[in-house]
Amino acid sequence: MSGHKMLFSGLKLWTAGRSRWISRLHDDCSTKVCIVGSGPAGFYTAQHLIKARQDVEVDIYERLPVPFGLVRFGVAPDHPEVKNVINTFTQTARQSRCHFYGNVSVGTDVSVEELRHAYHAVVLSYGAEGNRGMGVPGEDLPGVHAAKDFVGWYNGLPSCRELRPDLSCETAVILGQGNVALDVARVLLAPLDILKKTDITQPALEALAESQVRRVLIVGRRGPMQVACTIKELREMVNLPNTRPELMAADFEGVAEALKDLPRPRKRLTELMSKTALEIPGEKEQQRRSGASHTWGFRFFRSPVEILADPERSRTAGIRLAVNRLEGSGEGARAVLTGEVEDVTCGLVISSIGYKSLPIHPSVPFDSRKAVVPNSMGRVQQAAGLYCSGWLKTGPTGVIATTMNSSFDTARSLVEDMESGTLDVSAAKPGSQSVSALLEKRGVKPVTFSDWEKIDGVETRRGEVVGKPREKLLTVEEMLQVARS
Ligand code: FAD
Ligand code: NAP
């Protein structure tokens, strides 16, 4: 080796050693926090922690090789503007004090206990991956799906790839009247020209192109003044091309008189619904509606009793609904059975009555009744150094902005605990160093954020070819292959 080459390689070695040393020094002094789950809760918690304290390092562990949770796998494909939050999450992930470890399932690949040993604090933000069951006979029949799975199917969640819903029937019934129910109704009825410009998966697009579903009934156990959807989503339904609403005037008895006492958002929502149900539309709207080949409607005061099977019991043929009346008024009104029932013929039933968080390990407190980790402002009860944020903390309601605020609250609690000494950060913790060693021993190879950016690149390039924002990779294997290319 020539003299100057020797000098150069010696210098490189020294520089590499020095930066490793500096980084180790920094590592040793820093407070190490890890976050389980990379949905909005995980990223907003990380964002706040990194901003609030220069001495905090955050590692995010995510089960899938791809980040962003329900922003990728929940938000409807025809709502691309909602997904812009990904830009903020990406900025956080690119910070030098934030590291993403995808393809690591906490509870399987590494335990919460092991994370608690490796880090000063662990924030659980793994969302709500279960769903509330209807608890009625026939729920397991082919043709009955949880909205969580149906949404996962059209959004490319690997575990829902095989769902292949049978869309050969004319009528679909959706149970629940929240925004997820409306997302599902829209996707079932939206003209293909709209959907094909979105990031909906190709198999879903192909199935919807063949779909025979012409009528979607969105069923709620209570009345028009208790629906859980919001006005923007209702307006989208009302204006959905090639569809007309099917609402029953009788359901709106007494609504006009109650309007004046409703809080403003509820009032505007109810006004739009009443107008759609009761007013004779103008000529142009009448023409639009009479030319529509698809219909959607709300069925109020109905609870599921049983899913009815065809004579061979091989598929769904209908649903038996109990007729309810309301006891009380306003948001708190209760549905009470009248004893009457009604059968509706349908070949597809989608239960959209809410998601549900699941316990991760018996050592982590879990309130099974509320399906949340019991906490006070994000501090897990009786578990020092353990925090929670997002739907796991609050239950499965709230938009991304709600999740953001409650995740900031959790991060604030953690910072307060650091500053008050409640959270002991005096001893150095190994953080990802020890977890990486464990994962390596177990044959788990994490996906880094730059690996994800490779996946992102491939998906967006594939999308460009077909005029979509992205064409999602649909299997974990394919994602890992691209990540490692
Ligand atoms: P999630 O987003 O579910 O993130 C949890 C993450 O944890 C996931 O990435 C998951 O893979 C990961 N994880 C799970 N288990 C493990 C484990 N064991 N180890 C490691 N990682 C794990 N809000 C809006 O504002 N606008 C919308 O249009 C909108 N649309 C929605 C559509 C649907 C169908 C749904 C269900 C919700 C929608 N929301 C919308 C609400 C929004 O998605 C939630 O507020 C938000 O995603 C909750 O964030 P989270 O981080 O708690 O959960
Ligand atoms: P949700 O808003 O809580 O709605 C759940 C629906 O299911 C309600 O109509 C509820 O009726 C009904 N329900 C619950 N339990 C039932 C039971 N046992 N029997 C019959 N009906 C039952 O939940 P979601 O639709 O899953 O949405 C979750 C959150 O994500 C919401 O905050 C939503 O706004 C948000 N989200 C937002 C968007 C968006 O912004 N575009 C899109 C999707 C989701 P009751 O009121 O009678 O309980």
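1. Start with ligand 2. In this predicted model, a polar side-chain atom of R222 sits 2.8 Å from one of the oxygen atoms of ligand 2. A side-chain N or O atom of E233 is 2.7 Å from a nitrogen atom of ligand 2. The backbone takes part as well: a polar backbone atom of G398 lies 2.6 Å from an oxygen atom of ligand 2. On its own, ligand 2 has 910 Å² of accessible area, and the protein covers 78% of that. Accessible areas are from the Shrake-Rupley method with a 1.4 Å probe; for residues, only the protein chains shown count as cover.

2. Next, the shell around ligand 2. It holds 20 residues, and Q177, R221, R222, E233 and G398 come nearest. A residue is near a molecule or strand if one of its heavy atoms lies within 4 Å of it. By class there are 6 nonpolar, 9 polar and 5 charged residues. Here Ala, Val, Leu, Ile, Met, Phe, Trp, Tyr, Cys and Pro count as nonpolar, Asp, Glu, Lys and Arg as charged, and the others, Gly among them, as polar. Helix α7 gives the largest share, 3 residues. Helices (H or I, at least four residues) and strands (E, at least two) are DSSP runs, numbered from the N terminus.

3. Two notes on reading the model. Residues are numbered from 1 along each chain as its sequence is written, chains are lettered from A and ligands numbered from 1 in the order in which they are written. Local features need pLDDT of at least 70, side-chain atom pairs count only at pLDDT 80 or more, and totals for chains, interfaces and linings use all residues, while side-chain values use heavy atoms, with hydrogens and water left out.

4. Now ligand 1. It is surrounded by 33 residues, the closest being E62, V106, W391, I400 and T403. A polar side-chain atom of E62 is 2.6 Å from an oxygen atom of ligand 1. Taken alone, ligand 1 exposes 1000 Å², of which the protein buries 93%. Helices α2 (40-52), α7 (179-189) and α15 (400-420) each give two or more residues to this shell. The shell divides into 17 nonpolar, 12 polar and 4 charged residues.

5. What about the cores? A nonpolar core is a set of buried Ala, Val, Leu, Ile, Met, Phe, Trp, Tyr and Cys residues joined through side-chain atoms within 4.5 Å. Buried means under 20% relative accessible area, exposed over 50%, partly exposed in between (1.4 Å probe, protein chains only). The largest core has 95 residues; Y154, V184, L188, V216, F298 and L414 touch the most other members. Its largest share, 7 residues, comes from α7. A second, separate core has 25 residues, including A118, V364, V380 and L386.

6. Consider R72, in helix α3 (residues 70-73). R72 is buried, at 5% relative accessible area. Its side chain makes a polar contact of 2.7 Å with that of E459. A polar contact is a pair of N or O atoms within 3.5 Å; within protein, one must be able to donate a hydrogen and the other to accept it, and residues adjacent in sequence count only if both atoms are side-chain atoms.

7. Last, R289, in helix α13 (residues 283-290). R289 is buried too, with a relative accessible area of 16%. Its C-alpha atom is 7.4 Å from that of N242, 47 residues away along the chain.
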